[in-house]
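Here's a quick briefing on this structure, grouped by topic. Have the coordinates open as you read.

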Amino acid sequence: MTKLQWGMIGGGEGSQIGPAHRLGAGLDGLFDFTAGALDHRPDAGRDYGQRLGLGDRAYGSWQDMLQAEAKRADKVDLVTVATPNATHFEITKAFLEGGFHVLCEKPMTMTVEEGQEIVEIAQKTGNICAVNYGYTGYSLVRHMRAMVARGDIGKVRLVVAEFAHGHHADATDADNPRVRWRYDPAQAGVSAQFADCGIHALHMASFVTGQEVEKLSADTVSCIDVRTLEDDAMVNFRMDGGAVGRLWTSSVAIGRQHGLTLQVFGETGGLRWSQEQPNQLHYMPLNERLQIIERGEANLSPEADRTTRVTIGHAEGMPLAFANIYTDLAEAIRARKEGRLMDPAANLYPRAEDGLRSMAAVFAVADSGKQDGKWLDARPPMFR
């Protein structure tokens with residue numbers, strides 16, 4: 001099988017997210033890393049790209065990359081956008097319109113209007129626009145979704161999501177530029193902690209339950225008072241299938257390291273999964289004993305079986321979850337090239353529509369927090 005060609009924008013030397021993408025994209029031998037504009041500093045980007053083996057396809061800017069790749073018969077099949085948040089819209093739009101499939105880091109855009117435009121461009125061009133809610137790539141998150149869909153816990157009553165850490169809890173470090181920008185509206189937009197972490201938890205709640213958020217009420221606070229934007233938020237929400245939702249996200253929860261956790265409670269059972277222990281899924285059937293499902297067990301579900309690589313008892317972490325997103329996208333791209341339907345178990349990558357819904361929720365949380373928790377419509381206008 002000929003490998004697909006993959007390119008990356010951002011994620012340069014010293015980047016937090018770049019290595020996870022490069023590991024994920026290359027893990028299963030489906031993509032070759034062949035092009036990149038890896039740094040906003042042209043010389044640094046070209047130098048690092050050449051050290052990674054990109055040769056003359058190590059570009060000094062994303063504009064150079066777009067112009068050059070569009071002229072090649074062997075242009076990249078997929079472009080990952082891993083640049084600062086405020087640049088996502090411009091770059092993603094340009095590459096979609098240029099005829100490329102795109103995987104964009106979250107948040108996909110900075111406004112709802114930009115998000116709707118990306119959705120419309122993807123629909124018009126027929127190009128894939130995926131958004132990297134990478135935690136949904138975990139094998140047992142996929143299995144959790146399958147269990148809910150096949151009715152293992154009955155109708156979903158309640159969803160409880162958390163994404164809380166304590167890494168910004170030091171008030172004496174609040175003026176550190178690496179921290180401060182996250183709480184500055186001029187750089188971060190209308191929300192800090194919810195837009196950074198909360199949308200991961202909210203998206204996962206929708207992904208697992210198969211329900212979308214309709215309305216929400218938010219209590220947002222800056223526990224460190226020099227911050228303009230929130231560092232803690234509690235969000236109540238209602239979903240279109242009748243489920244009640246609770247979400248807590250924080251960056252001042254000292255003692256919490258990562259904190260992404262999802263619990264789903266139905267009429268006949270409950271499920272609990274945590275990103276810090278991603279290889280176990282807790283399942284409690286009504287009036288029965290607790291079961292701990294291990295990643296790597298045989299015959300869990302097609303969604304879980306196709307996304308596990310290492311034998312049971314050996315940990316699989318975040319880069320392998322990212323790899324599952326890339327595997328989904330490789331299947332989607334190949335299906336389009338070959339004019340066939342894609343494997344349903346692979347048709348789970350997050351879409352531009354998910355990015356748009358997240359941005360609408362960000363603005364609803366920000367507005368609700370300013371109005372003492374007033375219930376607001378969390379849907380983007382095009383989905384109302």
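Let's start with Asn287, which counts as exposed at 75% relative accessibility (buried means under 20% relative accessible area, exposed over 50%, partly exposed in between, with a 1.4 Å probe and protein chains only). Keep in mind that this is a predicted model, where local features need pLDDT of at least 70, side-chain atom pairs count only at pLDDT 80 or more, and totals for chains, interfaces and linings use all residues. Residues are numbered from 1 along each chain as its sequence is written, and side-chain values use heavy atoms, with hydrogens and water left out.

- Most residues other than glycine have a negative phi, and most peptide bonds are trans.
- Asn287 isn't a glycine, yet its phi is positive, at about 65°.
- You'll find Asn287 in the loop between β12 (277–285) and β13 (291–294); helices (H or I, at least four residues) and strands (E, at least two) are DSSP runs, numbered from the N terminus.
- Asn299 also has a positive phi, near 60°, and it sits in the loop between β13 and α10 (302–305).
- Asn299 is exposed, with a relative accessible area of 70%.
- Between Lys106 and Pro107 the peptide bond is cis, with omega near -10°.
- The loop that holds Pro107 runs between β4 (101–104) and α5 (112–125).

**The open sheet**

- Five strands make an open sheet in the order β2-β1-β3-β4-β5, with parallel pairing (two strands pair if DSSP finds at least two bridges between them).
- β2 and β5 (129–131) are at the edges with a single partner strand each, so one side of each has no neighbour in the sheet.
- From one strand to the next, the twist averages 25°; axes are lines fitted to C-alpha atoms, for helices over the stretch in contact, and angles run from 0 to 180 degrees between N-to-C directions.
- β1 and β2 run parallel and are joined by six bridges, and Trp6 has Phe33 in β2 as its bridge partner.
- Helix α3 (residues 62–70) packs on the sheet and touches β1, β2 and β3 (78–82), its direction making about 125° with that of β2 (contact means heavy atoms within 4.5 Å).

**Aromatic rings**

- Seven aromatic pairs turn up in a search of the whole structure; rings of Phe, Tyr and Trp (its six-membered ring) pair if their centres lie within 6.5 Å, and planes under 30 degrees apart count as stacked, over 60 as edge-to-face and the rest as tilted.
- Trp6 and Phe33 have ring centres 4.8 Å apart and planes at 45°, so this pair is tilted.
- With Trp6 in strand β1 (residues 4–10) and Phe33 in strand β2 (residues 31–37), the pair ties together parts that are 27 residues apart in sequence.
- Trp6 is buried at 1% relative accessibility, while Phe33 is partly exposed at 22%.
- The ring centres of Trp6 and Tyr326 are 5.7 Å apart with planes at 80°, so that pair is edge-to-face.
- Tyr326 lies in helix α11 (residues 318–338) and Trp6 in strand β1, so the pair links parts that are 320 residues apart in sequence.
- Trp6 and Tyr326 are both buried.
- One aromatic cluster is formed by Trp6, Phe31, Phe33 and Tyr326.

**Charges over rings**

- The charged end of Lys215 sits over the ring of Trp375, 5.6 Å from its centre (NZ of Lys or CZ of Arg must be within 6 Å of the ring centre and within 35 degrees of the ring normal).
- Arg351 lies over the face of Tyr349, at 3.8 Å from the ring centre.
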